[in-house]
Amino acid sequence: MNKLIGILGGTFNPIHYGHLRMAQELVDALNFSEVRFIPSANPPHKAIPDVSAAHRAEMVRLAISDNPMFTLDTRELERAGASYTIDTLISLQEELGKNIRLCLMMGSDAFLKINTWARWQELLDYCHIILVQRPNLADQPKLPEELTALLHDRYTENVDDLTSKTIGYIHMQAITPLDISATKIRESYKNDVSSRYLMPEKVIEYIGSHRLYG
Ligand code: ATP
């Protein structure tokens with residue numbers, strides 16, 4: 001009953017080993033029973049991706065197909081309008097019940113802007129947040145005051161807190177830093193530079209056969 005489920009939302013344009021390794025290390029460190037990869041159909045805070053949501057989801061499916069702990073969740077693709085995380089969390093809770101602990105995983109870059117997300121003050125009413133450090137981020141803005149306050153109120157170092165309470169904690173987990181980003185991968189295609197070993201071969205083959213990045 002005290003199951004912890006990792007949730008990784010993202011544009012996945014494309015999915016890469018930064019995402020996959022982070023998910024695996026959090027499964028191992030926090031004993032998740034599953035990680036759900038949830039591609040965003042219409043990310044509210046990014047330019048509309050040139051690559052369709054269907055292609056981005058298919059790349060996720062290929063990337064995780066050999067890992068029984070990882071699942072693709074396409075609920076944001078089936079919903080019209082902007083893909084708000086709060087709506088996703090509410091629908092996950094409705095589906096899985098209130099005893100499941102949803103652990104929203106995110107890189108430090110995403111957390112720095114979380115106060116711009118729709119109904120962000122309500123996110124912790126539906127989940128715990130698990131933060132991981134993203135290496136070498138250029139122009140890292142300072143943590144806004146309201147997020148400093150949120151961390152002060154909700155931060156825990158104690159992993160057991162994530163099972164003792166169903167919602168409401170923020171935990172930071174150390175992982176192997178991998179300086180891989182989808183932006184850099186897309187640039188490597190533009191510049192005709194190989195992106196082998198940054199993502200699974202199956203994803204590279206899919207990108208090639210559909211000429212997704214030119
Ligand atoms: P882009 O470069 O297009 O902005 P991205 O590589 O940041 O994309 P997203 O799909 O936007 O990938 O990321 C989804 C989530 O995964 C975010 O919370 C992000 O912080 C996290 N993430 C992405 N890459 C890494 C990485 N290398 N290490 C740890 N977390 C990562």
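This is a predicted model: local features need pLDDT of at least 70, side-chain atom pairs count only at pLDDT 80 or more; totals for chains, interfaces and linings use all residues.
**Entry 1: cysteines.** A disulfide would require the two sulfur atoms to be within 2.5 Å. I recorded zero disulfides for the structure.

I then checked the accessibility of both residues. Cys103 counts as buried because its relative accessibility is 0%. Cys127 is buried as well, with a relative accessible area of 0%.

**Entry 2: burial of S2.** I turned to strand S2, residues 34–39. Six of its six residues are buried, so the strand is largely enclosed by the rest of the structure. In a regular strand, side chains alternate between the two faces of the sheet. In S2 I found Glu34, Arg36 and Ile38 pointing one way and Val35, Phe37 and Pro39 the other way, all of them buried.

**Entry 3: neighbours of S2.** Which strands pair with S2? I found that strand S1 (residues 4–10) pairs with S2 in the parallel sense over six bridges. Within this pairing, Arg36 of S2 is the bridge partner of Ile7. The chain passes from S1 through helix H1 (residues 17–30) to S2, and this β-α-β crossover is right-handed.

Strand S3 (residues 70–72) also runs parallel to S2, joined to it by three bridges. Here I noted Leu72 in S3 as the bridge partner of Phe37. S2, helix H2 (residues 53–64) and S3 form a right-handed β-α-β unit.

Note on methods. Residues are numbered from 1 along each chain as its sequence is written. Side-chain values use heavy atoms; hydrogens and water are left out. Buried means under 20% relative accessible area, exposed over 50%, partly exposed in between (1.4 Å probe, protein chains only). Helices (H or I, at least four residues) and strands (E, at least two) are DSSP runs, numbered from the N terminus. Two strands pair if DSSP finds at least two bridges between them. A crossover is right-handed if, with the strands pointing away from the viewer, the path from the first strand over the helix to the second runs clockwise.
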